Structure formats: structure tokens, C-alpha cells
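Here's a quick tour of a few spots worth a look. Have the sequence and the model side by side as you go.

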Amino acid sequence: MQQVKAVVAMSKGAPVEVVTINVPAPGPGEALVRVQACGVCHTDLHYREGGINDEFPFLLGHEAAGIVESVGADVTNVAPGDFVVLNWRAVCGECRACKRGDLQYCFNTHNATQKMTLEDGTELSPALGIGAFAEKTLVAAGQCTKVDPTARPAAAGLLGCGVMAGIGAAINTGGATRGKSVAVIGCGGVGIAAVAGSALAGANPIIAIDIDAKKLEAATRMGATHTIDSSATDPIAEVKRIAGEFYEGAEGADIVIEAVGRPETWRQAFYARDLAGTVVLVGVPTPDMKVPDLPLIDVFGRGGALKSSWYGDCLPSRDFPLLIDLYQQGRLDLDAFVTEEIGIGEVEQAFERMHHGDVLRSVVVL
């Protein structure tokens, strides 16, 4: 058992606290990771505000990279000293999706069996089964993906959630490639990652849509060929116009990625896609949200596909090393997502900056 500093959300809506927690030595199938960097993701804010569940206290943080310090029995995929990116899809190998070879759809992922606790023994709920706003964290060994150790931890760790979600939504879920047009609604961290993924895949045009001029500028730097300020322009009509200039007869974008998670923007995505086009929902809605008054005949008549993208339909063991290699080659600018590096005691302030749209990612460096 070790004692380390960590960021914990004690109760719904209350400011997070830096406290001392107990971290067990790894048991069978587990790994103890010394965290080097962890991004501040909107999902962490959802946990703090009770938007995920009410299993407080939460050990926040999940978008992380670090060094494996020790492993338990029967661990073969990583060893002490390995540089790893943590993931929340540690595939089980036993569910129906895994057995049919679709490991990226595994919904029965592994987490550490033992619990990390407060000093008084109160069990913590680690965010997405990770809990990496901590000097050290205990995870299932399958949640560790070994990557090039020369990669910058603050950038590499972002693959653990938001950047992978966006890139995967474009490439894995949406099927972005040469000869296809992509529109991205919502240019926060995930949306801009979808822009970057579309550019990486060679899609053209890539249309970024938001109401914030700073976010549209960032999207342009990451590969957007066109931008739309949807507070001033009808995004549906403008997407149709731009796509039609590139491909004769196009009635929208081939792929429209909704990275906001709201009914009104999903509806825009639905009507901004081409006939037989694809809508990808990667923005996370709340349970009460519904899309009202969508005629079923429109769903039938437009054809194509309406998809959701869970973690960018990624397989960490396949995708993380590949994307880190592209980063090291200068073909994927992960550094551009790191707006600022902060200390472990600055998470609450990072949440506030997130509200104002001032950052793509604040990254806690330990």
C-alpha cells in the first residue's frame, strides 16, 4: 500500500480537493502506474457535477500517460519501466463482440479489482476506471498500452480519451478517406481531433462549424478547409453549398460528425449530410435529451447511416502506437491540443477555463 496525492470530487457540484489516498500494490492482472501527465477532460467535469452517476467520492482523471512501476501476477502485456498511455477499453476477450473479432466494440472492459481509498478507508470510484489525477494509480494491466517512450507525456496521454474519440469518429466510425467530404459540428477538443483525423485520412473539403471564432481558427490550424460560424449562417445550407462546389450533385457532406451532443446540433448534422451519407454522434448527450419531430420518412428517404462513436471505435493496442508514430513523424500535431500545463492543485481552475472555451486541453503534469 502506498499513499499519494490525488484530486477527488467528494460530493456533487463541490470544488475538487487535493487529498492523500491509499493505492494498493497490484494484484493479479493489475498494474501500478506512476502518472506523468493527465488531460482535464469534460467528462471529469461531468463526474464532478453528478452527470455520470452518484457514486461519490470520485477519483478524477482518465486521459493519461505514465510509467509502469510494478505489475501483479499473470501480467504479460507490460512490464515495470514501460511508458504507457492509459485507456478505458481494456478488452475482455470473452464477450460476443470480442469472440466475433470486433474487439473495438467490447463493452465488458476490465478495471482493477482492488479499490483505491481515502485515508479513512472510504472506497473511491475512479473516473472511467482509471483515476489519473494522482501521482500513482492502480489499473487493470489491459488498460495500459505501451508506446514509444520518447513521446511527450502531456501530448501522448491525450490519446487516452478526447483526441482518440475525435480521430476515431472520423476514421474508424465515419470512414473518412480521400474523395469524401466531412463536416464537424462543435470544435472543442473532440471536434478538432475529428478535423485532424479527417485531414490525416485525406478527406476534402473539411468543414468546421462552431459559434466561437477562436475555435474555428484552431480548427483551421488542424486541417479544416472551410469554417462556418453557425451563429451567423445557416450551417445546413452552407455545408450543402460547399460540398456542392467540390462534388457535382452533392446535397451535403458525405460524413457529418456531431461533437456537441445536443438534439439541435444532431438535427443539423442529419440534414447537412448528403444522400446516403453518414452522421456520427460523438458528442455525449444527457439522458433526458431527445430529437423531436424528426419525420421517419426522412430517415428512410435519405438512406445512409446514423452512427454513434464510443471512444472513436478504437482498439488501443492497434491505434495508440500508430498515432504516436504519426505524432513522432510530425504528421499528427498532438502538441497543438495542449493549451497549458498545470499542477495537480489547479484542476478546479481548469474546469472554469473549460466553461469559457479558453482551452483545448489543460494537462496536469506530475
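Contact here means heavy atoms within 4.5 Å. Keep in mind that this is a predicted model.

- Ser198 sits in helix H5, which covers residues 189-201.
- With a relative accessible area of 0%, Ser198 is buried, since the cut-off for that label is under 20%.
- Setting aside neighbours within four places in sequence, Ser198 touches Ala170, Ala176, Val182, Ala203 and Ile206.

**Strand E11**
- One of those contacts of Ser198, Val182, belongs to strand E11 (residues 182-185).
- In a regular strand, side chains alternate between the two faces of the sheet.
- E11 is covered on both faces: Val182 and Val184 are buried on one side, and Ala183 and Ile185 are buried on the other.
- E11 runs parallel to strand E12 (residues 206-210), and four bridges join the two.
- Ala183 has Ile207 as its bridge partner in E12.

**The five-strand open sheet**
- Elsewhere there's an open sheet with mixed pairing, and its five strands come in the order E7-E2-E1-E4-E8.
- E7 and strand E8 (125-126) are the edge strands; each has a single partner strand, so one side of each has no neighbour in the sheet.
- E8 is joined to strand E4 (residues 58-59) by two bridges, and the pair runs parallel.
- Across that pair, Leu59 stands opposite Pro126 of E8.

**Helix H11**
- H11 spans residues 347-355, and its buried residues are Val347, Ala350, Phe351 and Met354.
- Looking down the axis of H11, these buried residues fall within an arc of 105 degrees, so they line one face of the helix.
- What do the buried residues of H11 pack against? Their partners are strand E1 (2-9), helix H1 (42-48), strand E17 (340-342) and strand E18 (362-365).
- E1 also has a place in the five-strand open sheet.
- After H11 comes Gly357, with a positive phi near 70 degrees.

- Tyr105, Phe107 and Trp310 make a nonpolar surface patch of about 320 Å².
- Phe107 counts as exposed because its relative accessibility is 61%, and the label applies over 50%.

Key. Residues are numbered from 1 along each chain as its sequence is written. This is a predicted model: local features need pLDDT of at least 70, side-chain atom pairs count only at pLDDT 80 or more; totals for chains, interfaces and linings use all residues. Side-chain values use heavy atoms; hydrogens and water are left out. Patches are made of residues with over 30% relative accessible area and no salt bridge: like charges are joined within 9 Å, nonpolar side chains (Val, Leu, Ile, Met, Phe, Trp, Tyr) within 5 Å. Accessible areas come from the Shrake-Rupley method with a 1.4 Å probe; for residues, only the protein chains shown count as cover. A salt bridge is a side-chain nitrogen of Lys or Arg within 4 Å of a carboxyl oxygen of Asp or Glu. Buried means under 20% relative accessible area, exposed over 50%, partly exposed in between (1.4 Å probe, protein chains only). The arc is that of the directions from the helix axis to the C-beta atoms. Two strands pair if DSSP finds at least two bridges between them.
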